[in-house]
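Visitor: I'm new to protein structures. Could you show me how to read one?

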Amino acid sequence: MSDEVGTFLLLGASGDLAGRLLLPALGQLLDREPERRSTVLIGAGSEPWDAEQWRDHVRTALASAEVASDTVTAVLETTRYLQADVTKAEDLRRLLGEGPPAPAIYFALPPAVTVASCEALREVELPAGTVLALEKPFGTDAASAASLNQLLTRLVDDEHVQRVDHFLGRSTVLNVLGVRFANRLFEPLWSNQHVESVTVVYDEQLTLENRARYYDGAGAMADMIQSHLLQVMALVAMEPPATVNARDLRDAKAAVLRACRPWRGDPVAASRRARYTAGTIEDRQVPNYVDEPGVDPARQTETLAEVDLEIDNWRWAGVPFRLRSGKALERRRKEIVITFKPPPHVPSGLRGDPAPARLRLALGPDRMSWEMNVNGPDDPFTLDRVTLDTKLSPGRLPAYGEVLAGVLDADPFLSVRGDTAEQCWRILEPVIGAWRSGEVPLDSYPAGSTGPPDWPKA
Ligand code: NDP
C-alpha cells in the first residue's frame, strides 16, 4: 500500500454509475473503515446543481446502501459539487483547486469523454500522488488501448492508473488464491494432467435496463468477457505468485494472458453470439431486445457471447477455457467451474459411471462446492453423487467498496495493468473481427431461457 489520497474527485457525478454504485459503495466503505471519513468527496458533472441538490443526491445514494447516519453526516459536512465540463483544462484546474492535495480522480464518464478529459489533463499540473481511476471499457481495441495507455503515462506513472475491474473484489481474489494455493489437494491437480475443462460464466437475469446508450454500442463480449472474465480466467490459470502483492499478482496474470488465444487458433469455430427475443423471466414480461428504446438493430449487438480459448503453455496445453456471459437468461449464475478428468480406472464391482469431479467457485456471494462420487447410502456398490458446499467470506464489502479502497489507497492490487488491458483486446480481436464480417451467425434465444438450444452446454 502506498500514499493514501485525501480527495475523491468524482467526474460524471450525476451519472448512473456514480449514483447507483460508486456513492453507495463509498458510504459502505466509510462505514466499515471510519478512519477514512476525512476523505473529501467532490462531485463534478454537467448538471447545474446547487449545494443542496448535490447533498440530496448524495443522501439518497447513501440511503440506498443503508449507510450509518454518522457516516452520512461526515460525508455531507465536507462534500461539494461543481458544475464543470471535464473535457476543459480550466474546469479541471478549478476542480483540482477544491480539495486537499493528492486526489483520486474517478472518471465515471462515457469512455469517449474520459479520453477527452485525459487529453485536457495534459495542460494541468497534477499534484504528486494523483490516482486516475478509469472505467471499462478501456479502449475499443488493442490499438486504442495502447494509445490511451500512452496518454495516461504522460500524466502519471502506471502504478497510479487504476483500470477498474469491479467484477472481483479483493476478498474474492484472495478466496480463489486461498483455495488454489493454500491446499496441497488442489494445486497438484491444477493442470492438463487432471483438468478436462474450465468454464467462467456470468449469466444475468437483468435485461437492457434502459442502458441502450452504452450497451448497444458494446455488447456482451466487450462489456463482460473482454473487461472481466479474462481477468478471472487469468487468476485461475496463472502460475503461483510468490506473494499476493499487486506486482507479483499482475505479473503472473499478464504472463498467462500472453499465452492465450482462441481455441485451435480458429475464432469462427471457437465463438458463438446471440441476442434475446421477447420472453418471460420470473413472471416479468421482457420485450424483444431490438424493440427496446435506443437499440439500433443494424448494429447486430449480441446479448450473449461465448468464446473457447486455449492457453499455449506446458500447464494448460489442450485444456479448453470457455468464457460465457449474457443477459436476460433463465437464472443468475456467476461462477468458475473446474471439471476434472474421469478416474483412469474404477474397480470392477462398483456400479455406475463416475461423473467427473467438479469444483465450483461461485463469485459474489462467494461459495465453493465440490461435486464428487461416493458409495451411496443404499446399495454400497452403486456410486452416488454428493456436493460439499460452503460459503466463503460472508459479510464482506461489495466489490465496488473494495475497488474504492484500492483507489483511495493508491493500491493497484485490483486494477488491470496497462499491458494486460491491451492483451485482453489482442486475444479477442480475431473473434470480434469474425463477428463483424458475418462469419459467425447472430443466433437468438427467448428471454428467460438458457440460451440457444443447440449451443454446447456451458
Ligand atoms: P452515464 O451516461 O449515466 O453518466 C455519465 C455522466 O457523465 C453523466 O452524468 C454525464 O452528464 C456526465 N458527462 C458527460 N460528459 C461530460 C462532460 N463533458 N463534463 C461533465 N460531465 C459529463 O454513464 P454511466 O454512469 O452508466 O457510465 C460511466 C462509465 O462507467 C462508463 O465507462 C461505463 O462503461 C462504466 N460503467 C457503468 C456501469 C453502470 O452500471 N452504469 C457499470 C460498470 C461500468 P450528462 O448526462 O448531463 O451529459
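Predicted model: local features only at pLDDT ≥ 70, side-chain atom pairs only at ≥ 80, totals over all residues.

Visitor: Which residues are the closest to the ligand?

Guide: A residue is near a molecule if its C-beta atom, placed from the backbone, lies within 6 Å of it. Here 20 residues surround the ligand, and the closest are Gly12, Gly15, Asp16, Leu17 and Glu135. Two elements give two or more residues to that shell: helix 1 (16-32) and helix 5 (111-121). Helices here are DSSP runs of H or I, at least four residues, and strands are runs of E, at least two, numbered from the N terminus.

Visitor: Where is the kink in helix 1?

Guide: A bend is the angle between axes fitted to the seven residues ending at a residue and the seven starting there. In helix 1 a kink of about 35° lies at Leu22, shortly before the proline Pro24.

Visitor: And is Val86 buried or exposed?

Guide: Buried means 20 or more other C-beta atoms within 10 Å of a residue's own, exposed means 12 or fewer, and partly exposed is in between, with C-beta atoms placed from the backbone. Val86 has 25 within 10 Å, so Val86 is buried. Val86 sits in the loop between strand 3 (80-83) and helix 4 (89-96). Val86 and Ala44 are 42 residues apart in sequence, yet 7.8 Å apart in space, C-alpha to C-alpha.

Conventions:
Residues numbered from 1 in each chain as written.
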